[in-house]
Amino acid sequence: MTFSDIFKSSYLDNVSSIEPFDMVLALVLAFCVGLFIFFVYKKTYQGVMYSSSFGVTLIALTMITTLVILAVTSNVVLSLGMVGALSIVRFRTAIKEPLDIAFLFWSIAAGIVLAAGLIPLAVFGSVIIGIILLVFVNRKSHVNPYIVVLQCDGSETERKALSLLGEHTQKCVVKSKTAQKGMVELNCEIRLKDDNTDFVNALADLDGVSSAVLVSYNGDYMG
């Protein structure tokens with residue numbers, strides 16, 4: 001094969017199948033939409049440890065999806081090969097927060113819609129989704145639960161401690177109880193009346209109470 005054969009190859013015909021301006025515009029818009037998704041993710045994150053790398057992944061995922069769909073829409077044969085190539089990809093990273101799945105699908109959907117040329121749908125749709133997430137995710141519709149871990153020396157101290165908890169909290173429910181010789185451990189789910197947590201000090205000062213620990217609780221972790 002000579003250099004002239006290379007330049008006559010049909011492979012080079014695909015270079016001009018997508019206009020450079022269209023490519024640049026699609027990628028710039030994908031970056032802007034991905035940046036908006038990253039901003040919404042940062043403002044609505046409620047997990048234990050914020051991961052900036054996941055936010056950057058949302059931007060990259062939007063741009064990469066746009067790039068792939070642009071290539072697929074320009075060549076039908078390439079679209080079939082792309083399906084086969086992507087079918088062997090496996091992702092092993094665990095998704096810790098359920099809301100993260102929504103952001104991943106949002107980034108992929110935005111990239112697909114932008115590459116399809118439906119720019120108003122991608123932009124306005126992303127804005128509406130972002131506003132809805134900002135409003136509902138950050139909205140506190142209930143009082144945050146807490147767990148009180150209490151260690152005392154007997155049933156009499158246990159009754160006094162539960163009575164004190166009932167006076168200073170909106171709700172107190174015993175979740176678990178461990179009884180051993182000379183020691184009783186209680187795990188109680190409570191709802192605070194306000195931000196005042198001085199009742200924990202009062203619990204620790206009760207005769208027969210060896211320790212009183214208050215931790216926040218969201219159903220998945222303590223801390």
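Colleague: What share of the 223 residues of the protein chain counts as buried?

Modeller: In this predicted model, 26% of them do. To count as buried, a residue has to have under 20% relative accessible area.

Colleague: And what does the chain look like, read along the sequence?

Modeller: You get α-α-α-α-α-α-β-α-β-β-α-β, which comes to eight helices and four strands.

Colleague: Take valine 123, then. Why is valine 123 called partly exposed?

Modeller: Valine 123 has a relative accessibility of 31%. Buried would need under 20% and exposed over 50%, so at 31% valine 123 lands in between and counts as partly exposed. You'll find valine 123 in helix α6, residues 119-137.

Colleague: What makes α2 roughly parallel to α6?

Modeller: The angle. The axes of α2 (residues 20-44) and α6 cross at roughly 5° and come within 9 Å. Angles under 35 degrees count as roughly parallel, so α2 is roughly parallel to α6.

Colleague: Which residues make that contact?

Modeller: On the α2 side, Leu25, Leu29, Val33, Phe36, Val40, Lys43 and Thr44; on the α6 side, Ile119, Ser126, Val127, Gly130, Leu133, Leu134 and Val137.

Colleague: How much of the accessible surface of the protein chain belongs to carbon and sulfur atoms?

Modeller: That's 64% of about 14600 Å².

Key. Residues are numbered from 1 along each chain as its sequence is written. This is a predicted model: local features need pLDDT of at least 70, side-chain atom pairs count only at pLDDT 80 or more; totals for chains, interfaces and linings use all residues. Side-chain values use heavy atoms; hydrogens and water are left out. Helices (H or I, at least four residues) and strands (E, at least two) are DSSP runs, numbered from the N terminus. Buried means under 20% relative accessible area, exposed over 50%, partly exposed in between (1.4 Å probe, protein chains only). Accessible areas come from the Shrake-Rupley method with a 1.4 Å probe; for residues, only the protein chains shown count as cover. Axes are lines fitted to C-alpha atoms, for helices over the stretch in contact, and angles run from 0 to 180 degrees between N-to-C directions. Angles under 35 degrees count as roughly parallel, over 145 as roughly antiparallel, 65 to 115 as roughly perpendicular and the rest as oblique. Contact means heavy atoms within 4.5 Å.
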